Amino acid sequence: MVRTFKVNSSHYSIQILLFSIIHLTIANCKIKEHNGEKNKFIFQLITANFLSNYLYATDLQKIAREQIGILSETIPGSEEDTAAKIALGNKIFRDNKLSSNHVQSCLTCHPLDGNAAGMDRQSTSRGTFGQIGKRNTPTILNVGYLPIIFWDGRRDSLYNQAIDPFLNPLEMSLPSEAELLTRIQNDSSYTSFFANAFPESPNPSIHSIRLTLAAFERSLKSKSKFDDFLENNVLSLNKSELDGLNLFLDVGCTNCHSTSLLGGSQFAKLDSVYSYNISDTGRAEFTGKHEDKFFFKVPPLRNVALTAPYFHDGSVPTLKEAVRRMNYYNLNRQINESEIELITSFLRSLSDKTKVN
């Protein structure tokens with residue numbers, strides 16, 4: 001695919017380019033003084049290669065901004081989030097006492113501390129009594145941007161989703177909302193947190209629990225090399241990552257993995273030569289519609305390299321194998337093994353820079 005290169009006009013990128021040219025010019029003068037015409041020719045090749053790569057990256061940056069978009073600094077719904085609400089939500093998120101037998105919290109399946117990337121890396125998570133979950137646990141990083149919650153889309157906001165894990169019999173197994181509220185009301189360690197978060201109405205309620213959990217989850221934003229590339233640093237991706245991005249765009253991965261999250265905004269039927277759990281009919285279980293059978297939310301790809309295993313049933317252990325399987329699903333053309341490697345290289349650039357999992 002032949003591209004027409006256009007130099008990006010961002011001040012930051014131009015400064016890098018000018019600095020590099022000046023640096024190479026000084027080096028060239030020294031080469032000419034000491035090593036003669038042979039090294040001058042080598043310098044010219046290096047300079048030409050640098051400029052070619054720079055223009056290639058700049059062109060891809062422009063296309064990626066148009067087809068994917070820069071992730072907004074502001075998460076929808078966060079306008080009234082405060083540090084006090086986030087702190088309270090964090091406390092609830094980590095509280096083992098809010099599971100049926102006091103051994104599990106939201107953090108159990110969505111670990112965040114240290115290098116953890118917001119999911120437990122199990123095919124399906126286990127509940128508080130060892131129950132095996134039905135679907136793979138997604139990362140909670142960037143969840144605040146999602147218009148669709150859960151693989152089957154049964155929730156459309158963090159507020160509506162917030163207490164589901166506490167009541168789900170395959171997760172924390174509390175019998176009712178009233179039990180969740182009673183446990184929090186009877187724990188004096190929450191008193192000051194609710195007073196700080198809701199000074200005009202400090203008594204705990206299901207409404208305030210939902211608000212604070214949603215506020216905390218909206219605070220879980222990640223930042224990757226790819227974000228740097230889109231925002232201001234055209235040199236942040238290496239050549240294989242750029243080539244992988246180019247392929248990702250060219251073969252049509254953004255047909256499904258669209259918008260700034262690279263997914264998460266639509267449903268797709270997983271028609272494939274590969275077999276998945278046919279007892280899980282996906283979105284149809286929520287809507288009751290036959291036409292929704294085997295449709296699942298298209299997962300967002302940010303942090304995908306950190307969140308194996310893959311697909312709704314967690315049946316695929318490696319990122320490369322997941323890309324290989326997508327080779328048979330709605331692409332403009334099939335890709336070969338070397339191209340799979342390049343796309344995998346690009347996908348790794350979507351990882352939060354502080355996480356390794």
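**Helix packing, nonpolar cores and cysteines**

The buried residues of helix H14 pack against helix H10 (225-231), helix H11 (239-250) and helix H13 (319-326). Here buried means under 20% relative accessible area, exposed over 50% and partly exposed in between, with a 1.4 Å probe and protein chains only. Helices (H or I, at least four residues) and strands (E, at least two) are DSSP runs numbered from the N terminus. The model is predicted: local features need pLDDT of at least 70, side-chain atom pairs count only at pLDDT 80 or more, and totals for chains, interfaces and linings use all residues. Residues are numbered from 1 along each chain as its sequence is written, and side-chain values use heavy atoms, with hydrogens and water left out.

Helix H14 covers residues 337-348, twelve in number, and spans 17 Å from its first C-alpha to its last. This is close to the 16 Å expected at 1.5 Å a residue, the expected span being 1.5 Å times one less than the number of residues. Glu339, Ile340, Ile343, Thr344, Ser345, Phe346 and Leu347 are the buried residues of H14.

A nonpolar core is taken as a set of buried Ala, Val, Leu, Ile, Met, Phe, Trp, Tyr and Cys residues joined through side-chain atoms within 4.5 Å. The largest such core has 38 residues, and Ile92, Phe166 and Ile209 have the most contacts inside it. At least two residues of this core come from each of helices H3 (83-93), H4 (106-109), H7 (177-185), H8 (191-197) and H9 (206-218). H9 supplies the largest share, five residues. A second, separate core has 36 residues, including Leu60, Val234, Leu262 and Leu301.

Contact denotes heavy atoms within 4.5 Å. Apart from neighbours within four places in sequence, Phe166 is in contact with Ile92, Leu98, Cys106, Met172, Ser173, Leu174, Leu180 and Leu213.

Ser260 lies in the loop between H11 and strand E1 (267-269). Ser260 counts as buried because its relative accessibility is 17%. With neighbours within four places in sequence left aside, its contacts are Ile68, Gly69, Ile70, Leu71 and Arg302.

With a disulfide defined as a pair of cysteine sulfur atoms within 2.5 Å, the count is zero. For Cys106 the closest cysteine sulfur, in Cys109, is 8.6 Å away, too far for a bond. Cys106 is buried, at 10% relative accessible area. Cys256 is likewise in no disulfide, the nearest cysteine sulfur being that of Cys253 at 9.1 Å. Cys256 is buried, with a relative accessible area of 14%.
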